Amino acid sequence: MQAEEYEDQSEATGVEEVNEVEECGPLPIQNLEQVGISASDVKKLNEAGYYTVESVAYTPRKQLLTIKGFSDTKVDKVLHEAAKLVPMGFTTASDYHAKRLELTCITTGSTELDKLLGGRGIETGSITELFGEFRTGKSQICHTLAVTCQLDEASGGAAGKCLYIDTEGTFRPERLVEIAERYGLDANEVLDNVAYARAFNSDHQTALLSQASMLMTESRFSMLIVDSATALYRTDYSGRGELSARQMHLARFLRTLLRLADEFGIAVVITNQVVAQVDGGMATFVADPKKPIGGNIIAHASTTRLSLRKGRGETRVCKIYDSPCLPEAEAVFAITGQGIADAKD
């Protein structure tokens, strides 16, 4: 998919072209040429899927050694020079606190749900996981976020485009049109600002992240959605014999997502399915016998985990399942014709 398809739209959505590298943004891979790395080596890195200096600095040494023509000495030099350009050492907690205060958050469309998430919505620079049964609002939240991320910061957005990876065939652009009307945005501009891809297997799902990285170096994106992150793994791998291979593949996929969140400062939202927990007679005494799939791998990779369940009518209940900074609490929201909104009394 060519970047020309995603040329910036008018100021209506707040999406602006980043022509110059911002001080806090990722550094183009070509910057390595300024510190002594040859143009041919930079080209090889680019062809291998490394589009920023950060992507090189964050990559394990043994992975760079797989690039054709890269010897031990050359890899050491590339990593050494990349480390000079990318801050990877210690910093004070006060500096990191100041940096976190500048983080942009993206509204979910519901003020009650935003309050549950610290008052501002989905945090950028981290992974937020949504899990629950079917019809609990996972995909509806994703569709709403694909629009609200395009709003300017004053309106609760992040003034960026959205990348949407669909693994279950549930993406519906007409929903984006309805949600855009709610916020007074031009529907065609909103649709043009969403880069959509359908993933057909777990390998393809991972490969799409490399394309996503390329697009993010060429235009301003603020949101990456994967709906769902685990569906294809449930069919591509079966039985306990393939469990280890599945978890390793899933761990690499999630690690790449986290790297993109760190590298580009985007908000990553993934959805997850649940499975019935069958522990003999004990399941009878458990309040909710359903648990998210993916085990500890996805539990540790996700920064914030949100559990969704059905309420009355069109209402849904969201609970903080796990978070490093948010207390365990619940919020009620509604699914409307124009996306996620507050539930009516």
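**Exercise 1. Confidence along the chain**

What pLDDT does the chain average, and what share of the residues score at least 70? Then state where pLDDT stays under 50.

*Solution.* This is a predicted model, and the first step is to look at its confidence values. The chain averages a pLDDT of 90, and 90% of the residues score at least 70. The next step is to turn to residues 1-23, over which pLDDT stays under 50, although the model has 50 contacts for them beyond four places in sequence. Where pLDDT is low, the predicted coordinates should not be read in detail.

**Exercise 2. The packing of helix 10 with helix 12**

Determine how helix 10 and helix 12 are oriented to each other, and list the residues that make the contact.

*Solution.* Begin with the geometry: the two helices pack at an angle of about 10°, and their axes lie 10 Å apart. Because angles under 35 degrees count as roughly parallel, helix 10 and helix 12 are roughly parallel to each other. The second step is to name the partners. Helix 10 contributes Ser202, Asp203, Gln205, Thr206, Leu209, Ser213, Met216 and Thr217, while helix 12 contributes His249, Phe253, Thr256, Leu257, Arg259, Leu260, Glu263 and Phe264. Sorted by class, the residues of this contact comprise six nonpolar, seven polar and three charged.

**Exercise 3. The second largest pocket**

Describe the second largest pocket by its volume, its lining and the elements that supply this lining.

*Solution.* The volume of the second largest pocket is about 620 Å³. Its lining consists of 22 residues, of which Tyr50, Gln63, Arg252, Thr256 and Arg259 are the closest to the centre. Helix 3 (61-64), helix 10 (202-218) and helix 12 (243-264) are the elements that give two or more residues to the lining. Helix 12 gives the most, with seven residues. In terms of class, the lining of the second largest pocket holds nine nonpolar, nine polar and four charged residues. Finally, link this answer to the previous exercise: Thr256 and Arg259, named here among the closest to the pocket centre, also take part in the contact of helix 12 with helix 10.

**Exercise 4. The two cavities**

How many cavities of 30 Å³ or more does a search of the whole structure find, and which residues line the largest cavity and the second largest cavity?

*Solution.* Rolling a probe the size of a water molecule over the atoms shows where empty space is left. The search finds two cavities of 30 Å³ or more. The largest cavity contains about 40 Å³ of space, and its lining is made up of Thr108, Leu113, Leu117, Ile122, Leu130, Ile141, Leu306 and Cys318, a set with seven nonpolar residues, one polar and no charged. The second largest cavity contains about 30 Å³, and is lined by Thr230, Tyr233, Arg234, Arg246, Gln247, Leu250, Ile293 and Gly294. Helix 11 (231-236) and helix 12 are the elements that give two or more residues to the lining of the second largest cavity, with helix 12 giving the most, three residues. The class division there is three nonpolar, three polar and two charged.

Terms used
Residues are numbered from 1 along each chain as its sequence is written. This is a predicted model: local features need pLDDT of at least 70, side-chain atom pairs count only at pLDDT 80 or more; totals for chains, interfaces and linings use all residues. Side-chain values use heavy atoms; hydrogens and water are left out. On a 1 Å grid over the protein atoms alone, a cavity is a set of points where a 1.4 Å probe fits but cannot get out, and a pocket is an open set with protein on both sides within 12 Å along at least five of seven lines; lining residues have an atom within 4 Å of a point. Grid points are joined across faces, edges and corners, and a volume is the space filled by probe spheres set on the points. Helices (H or I, at least four residues) and strands (E, at least two) are DSSP runs, numbered from the N terminus. Ala, Val, Leu, Ile, Met, Phe, Trp, Tyr, Cys and Pro count as nonpolar, Asp, Glu, Lys and Arg as charged, and the others, Gly among them, as polar. pLDDT is the predictor's confidence in each residue, from 0 to 100. Contact means heavy atoms within 4.5 Å. Axes are lines fitted to C-alpha atoms, for helices over the stretch in contact, and angles run from 0 to 180 degrees between N-to-C directions. Angles under 35 degrees count as roughly parallel, over 145 as roughly antiparallel, 65 to 115 as roughly perpendicular and the rest as oblique.
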